[in-house]
Amino acid sequence: MEKIIRNEEVAYRVVDGEAVMLNPIDNQIHLLNDVATFIWLELEKESDYNELLGLVCEEFEVDRSQASEDLNNYIIELSEKGLVEKFDK
């Protein structure tokens, strides 16, 4: 089962419910909306995709199919930028 955890070297702060992150790899600043911030905060602990998907659907009352597509794209984006790590457990 693939697990996802955020890169602990990423500096971030939550301001008014939205995260501001500094990527240490390229020194880029990222502003996250409320949904992305929710996911980011959940990734503080080791999570798997299905856990995250369930939490997002519950928190934001969204269609599971659309949420799955959006979450998958977001995790891929974070992984490509080095902001999260994926590993098999």
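These are my notebook entries on a few things I looked up in this structure, which is a predicted model.

**Entry 1: the sheet**

I started with the strands. I found an open sheet of 3 strands, in the order β2-β3-β4, with antiparallel pairing. From one strand to the next, the twist averages 15 degrees. As a reminder to myself, strands of a sheet pair through backbone hydrogen bonds, in either a parallel or an antiparallel way.

Then I looked at one pairing. β3 and β4 run antiparallel to each other and pair over 4 bridges. I also noted who faces whom: Asn23 is opposite Gln28 in β4.

**Entry 2: salt bridges**

How many salt bridges does a search of the whole structure find? I got 3. The background is that side chains of opposite charge can pair when their charged atoms come close.

I took Asp48 and Lys3 to begin with. Their side chains meet in a salt bridge at 3.9 Å, N to O. Asp48 is in strand β5 (residues 47-48) and Lys3 is in strand β1 (residues 2-6), so this pair ties together parts that are 45 residues apart in sequence. Are Asp48 and Lys3 buried or exposed? Both are buried.

Next came Glu42 and Lys45, whose side chains meet at 2.7 Å, N to O. Glu42 has a relative accessible area of 19%, and I called it buried because that is under the 20% cut-off. Lys45 counts as partly exposed, at 48% relative accessibility.

My last pair was Glu77 and Lys81, with a salt bridge at 3.1 Å, N to O. Glu77 is partly exposed, with a relative accessible area of 36%. Lys81 is partly exposed too, at 29%.

**Entry 3: positive phi**

I finished with backbone angles.

Asp16 has a phi near 55 degrees, which is positive even though the residue isn't glycine. Where is Asp16 found? I located Asp16 in the loop between β2 (11-15) and β3 (18-23). Asp16 is exposed, with a relative accessible area of 81%.

Glu61 also isn't glycine, and its phi is positive, near 50 degrees. I found Glu61 in the loop between α2 (49-60) and α3 (64-80). Its relative accessible area is 74%, so Glu61 goes down as exposed, the cut-off being over 50%.

Key. Residues numbered from 1 in each chain as written. Predicted model: local features only at pLDDT ≥ 70, side-chain atom pairs only at ≥ 80, totals over all residues. Heavy atoms only, no water. Helix = DSSP H or I, 4+ residues; strand = E, 2+ residues; numbered from the N terminus. Buried < 20%, exposed > 50% of the residue type's maximum accessible area, 1.4 Å probe, protein only. Pairing = 2+ DSSP bridges. Axes fitted to C-alpha atoms, helices over the stretch in contact; angles between N-to-C directions. Salt bridge = Lys/Arg side-chain N within 4 Å of Asp/Glu carboxyl O.
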